[in-house]
Amino acid sequence: MPYTEDRSAWFEGQGLWQHISASDWQDWGWQLKNRITTVEQLERYMTLTAEEKAGCAFASHKLSLAITPYFFNLIDRHDRIARSASR
């Protein structure tokens with residue numbers, strides 16, 4: 001059976017940033033200023049598996065970590081199976 005999921009709730013509202021005004025949320029400058037750029041910041045919002053932590057550490061030697069709040073809201077933080085299956 002193929003994997004399916006309901007992503008409709010992921011796009012609703014501002015997720016963890018509901019306290020931010022709509023004008024700030026829709027401002028690309030605010031999004032860039034408030035992006036997640038460290039593993040420590042990322043772990044404030046979600047629990048990473050050991051493999052995900054290792055991937056972040058490995059990638060940091062080649063790439064920068066930078067996730068805007070908008071794109072963070074597209075991550076299903078509670079579905080470790082889907083996160084590991086995408087690799």
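This is a predicted model: local features need pLDDT of at least 70, side-chain atom pairs count only at pLDDT 80 or more; totals for chains, interfaces and linings use all residues.
Residues are numbered from 1 along each chain as its sequence is written, and side-chain values use heavy atoms, leaving out hydrogens and water.

**Aromatic pairs**

- Six aromatic pairs are found in the structure (rings of Phe, Tyr and Trp, the last by its six-membered ring, with centres within 6.5 Å; planes under 30 degrees apart are stacked, over 60 edge-to-face, the rest tilted).
- One of them joins Trp-17 and Phe-72 edge-to-face, at 5.8 Å centre to centre and 80 degrees between the planes.
- This pair links distant parts of the chain, 55 residues apart: Trp-17 sits in the segment before helix H1 (22–25), and Phe-72 in helix H5 (residues 69–72) (helices are DSSP runs of H or I with at least four residues, numbered from the N terminus).

- Trp-17 is buried at 6% relative accessibility, and Phe-72 is buried at 1%.
- Phe-72 also pairs with Tyr-45, tilted, at 5.6 Å centre to centre and 55 degrees between the planes.
- Here too distant parts of the chain are linked, with Tyr-45 in helix H3 (residues 39–45) and Phe-72 in helix H5, 27 residues apart.

**The cluster**

- Trp-17, Tyr-45 and Phe-72 belong to one aromatic cluster with Trp-25 and Trp-30.

Technical notes: Helices (H or I, at least four residues) and strands (E, at least two) are DSSP runs, numbered from the N terminus. Buried means under 20% relative accessible area, exposed over 50%, partly exposed in between (1.4 Å probe, protein chains only).
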